Amino acid sequence: MPIQDYIEKAKRVLDKNWTGEYTVPSVHLYPHQWNWDSGFIAIGYSRYDTDRAIKELEHLFKAQWKNGMLPQIVFNKNALGKYFPEPDFWKTELSPDAPKNILTSGITMPPIHGYAVLKIYENAKDKDKVIPFLKWIYPKLIKLHEYLYLERNPDDNGLIYIRHPWESGMDNSPMWDPILERIDINKVKIPEFKRKDNKIVDPEQRPKDIDYKRYVYLVDLFRKHKYNEKKIFEECPFIAIDPLFNSILCASNEALVKIAEIIGEDPKKPEEWFSMTARSVRDLLFSSEKKIFYAYDYIEGKLIEVETAAGFMPLFGGIASTQQALKLYEHLNSLSFCKLGEKNCFAIPNYDKQKDDFSSKNYWRGPIWININWMLYQGLKRYKFKQKAEHLEISIMELPMRFGFYEYFDSFIGKGYGTKDFSWSAALFIDLAYDMYEKNEQKWKIRKVGKPLILNLNGEHISIENREEILKDFNCLTKKIIDQYSKNGTVDYNGIKLSPEYKLYQNVISKFVNKDILSFQSKEEEIAFLINLYNMMVIDSIIKLNIQNSVKEIDGFFTDIKYRINGKDYSLDDIREKLKKFNDPRIPFALVKGTNSAPPLRFISKKELEKQLDTATKDFIRSPEVLILPEEKKVLISELFRWNSYYFDSNEKIINFIKKYVKDDIKREFLEKEKDIDIRYLLYDWTLNN
Ligand code: 9WN
């Protein structure tokens with residue numbers, strides 16, 4: 001499996017950054033443990049090394065403050081001197097809440113940890129082994145959330161504030177500009193300090209000095225107040241309600257409810273927290289007109305009208321209403337944030353790319369970040385925006401495969417910026433690559449059809465209607481069934497089974513038995529009919545054989561299950577054979593085998609055949625079934641091409657075919673000019689699309 005090589009590369013990045021107790025984000029630029037990084041890193045580990053995932057979070061939570069705050073950084077005593085600011089600057093020992101003998105910073109970060117802990121449990125091979133860890137960490141997670149709801153919830157409405165841009169994780173996001181400008185660096189006293197980051201990474205890709213002066217000013221204020229939350233709140237010029245922070249908190253609250261149920265705790269608290277925060281985010285941070293959630297400037301008492309990727313995060317938190325989600329989608333899928341099919345744009349940039357001050361290079365002011373796109377991917381999947389989710393999935397996979405495991409990526413050319421060998425880029429790549437890699441593991445028990453099984457013998461077989469009427473009924477019912485019971489690529493087999501249309505469908509197909517319905521007037525009519533017949537026969541077989549996991553459960557699914565038509569029996573493979581005479585390589589992409597890999601099911605009409613075959617092919621080629629890696633001179637494609645070697649009998653044919661459907665200039669040029677392309681096959685996902 002070609003993805004495996006890249007999984008190994010990603011694991012090597014994590015091995016390099018693993019200290020024995022936790023993983024640094026990057027050895028040179030960030031040589032300590034970071035709060036939300038460890039959450040994402042643990043999600044990656046959860047796929048292949050449960051012990052490490054657990055250790056990662058254990059180490060972080062051992063540094064939790066007495067008041068429940070989980071610090072942004074846990075410093076490594078042996079690596080001091082390479083980063084700024086370090087413990088000598090933070091002076092957290094001034095706070096009675098800071099842990100003794102553990103060095104930390106004095107702020108927090110987005111609380112992704114509840115969510116990550118649940119993933120560790122869900123992905124573990126031996127779930128029982130994770131229970132003691134769940135029991136150990138659950139009260140600590142509750143304490144962390146309790147700290148947020150008690151100390152950072154000034155209006156008691158569940159909207160949690162942050163008091164430093166570093167707490168958002170999106171440090172120099174343009175979203176914070178209007179608030180930070182309030183700190184007039186010419187008027188306030190800024191302590192002496194020396195940056196280290198811009199000696200390691202090109203300063204063009206990092207925050208400006210003026211930003212750092214303000215960051216440092218805020219830290220100085222915190223230590224002056226000995227990290228007393230109430231005093232800080234009264235004086236701090238930066239009090240912001242961040243949609244990203246609050247959405248992540250909701251995702252973790254939701255996970256805490258599930259964890260509580262697993263270990264027999266009362267889930268009431270996280271349940272209430274979830275509803276309270278979700279309601280307030282929905283009601284107070286959304287702009288219906290601008291189709292985005294905004295951050296809120298608590299001091300001015302108004303929304304900060306700056307559009308960044310954070311504004312879509314309520315999709316990840318599962319807190320946007322259906323109407324809000326539709327609006328968010330419209331905005332997300334626009335030229336501002338990368339539209340499906342738009343040329344030369346990868347995933348979602350961190351800032352509206354149509355703004356004058358957008359930068360495709362500078363840190364949180366425009367580039368693509370893997371963690372943000374990974375969360376948006378989860379959110380889009382959750383709200384069933386399948387195509388868009390898949391587009392992000394492709395980018396999260398392709399960007400590191402093509403350019404390396406960088407910290408962030410150029411929004412137009414994909415080049416990697418910041419530090420290389422960055423842990424969460426590797427970890428979240430692993431998470432998605434495992435989905436791809438594991439999906440083909442045979443999880444199902446195989447049954448045999450035995451002898452040929454004819455599915456359409458349960459009716460009268462004799463009909464007085466003519467061929468045209470029967471075909472008309474078939475088309476009409478097929479269209480109804482597909483339109484009503486399949487959406488975004490998933491099919492409601494149970495719904496179909498119980499529907500009146502399915503009953504009528506049985507009646508119609510029983511009339512095929514003695515009728516010559518396979519002589520057609522036009523090529524279009526024949527192709528459309530055969531594709532619809534194929535797709536309906538798959539559905540009918542899944543229902544009648546009570547298939548739960550995959551058509552692969554049935555040995556002989558494609559050869560031994562048949563429909564009788566005019567006295568002759570046809571299997572799915574026979575129908576596929578019949579379609580070959582048209583020699584149209586787009587046809588295989590319209591045949592839906594009841595799987596997750598296939599493009600969405602559609603009723604094919606003879607009038608729109610051309611367009612529909614194109615769409616089906618385009619959908620497939622622009623899905624994660626085709627990964628194009630110019631820098632690696634590689635194309636990774638679905639096995640489907642190999643099975644259809646009738647149309648695709650040479651590499652040249654494959655490349656010529658896919659290049660017609662590729663929008664991105666760099667990729668197309670690569671496919672056009674490169675003579676020596678290495679084609680590798682990705683395994684097909686046979687999981688049932690129910
Ligand atoms: C300050 C570690 C962290 C990430 C943040 C990212 C960056 C630190 C910095 O690196 O921030 O926390 O020094 O710039 O902005 O999201 O957690 O990877």
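Is asparagine 101 buried or exposed?

1. Asparagine 101 counts as exposed, because its relative accessibility is 69%. Buried means under 20% relative accessible area, exposed over 50%, and partly exposed in between, with a 1.4 Å probe and protein chains only. Asparagine 101 sits in the loop between helix 4 and helix 5. Its phi is positive, about 65°, although the residue is not a glycine.

2. A word on the basis. This is a predicted model, where local features need pLDDT of at least 70, side-chain atom pairs count only at pLDDT 80 or more, and totals for chains, interfaces and linings use all residues. Residues are numbered from 1 along each chain as its sequence is written, and side-chain values use heavy atoms, with hydrogens and water left out.

3. Tyrosine 363 also deserves a check. Its phi is near 40°, a positive value in a residue other than glycine. Tyrosine 363 lies in the loop between helix 14 (322-332) and helix 15. It counts as buried, because its relative accessibility is 3%. Helices (H or I, at least four residues) and strands (E, at least two) are DSSP runs, numbered from the N terminus.

4. The peptide bond from phenylalanine 84 to proline 85 is cis, with omega near -5°. Proline 85 falls in the loop between strand 2 (73-74) and helix 4 (87-90).

5. Now the pockets. A pocket is an open set of points on a 1 Å grid over the protein atoms alone, where a 1.4 Å probe fits, with protein on both sides within 12 Å along at least five of seven lines; lining residues have an atom within 4 Å of a point. Grid points are joined across faces, edges and corners, and a volume is the space filled by probe spheres set on the points.

6. The lining of the largest pocket has 48 residues, and Tyr377, Lys381, Lys386, Glu390 and Asn596 lie nearest the centre. Elements giving two or more residues include helix 15 (370-382), helix 16 (386-403) and helix 23 (609-621). Helix 16 gives the most, with six residues. By class, the lining has 16 nonpolar, 13 polar and 19 charged residues. Ala, Val, Leu, Ile, Met, Phe, Trp, Tyr, Cys and Pro count as nonpolar, Asp, Glu, Lys and Arg as charged, and the others, Gly among them, as polar.

7. The second largest pocket holds about 520 Å³. It is lined by 26 residues, with Gly341, His391, Ile394, Arg622 and Lys663 nearest its centre. Helix 16 supplies the largest share here, six residues. The lining divides into ten nonpolar, six polar and ten charged residues.
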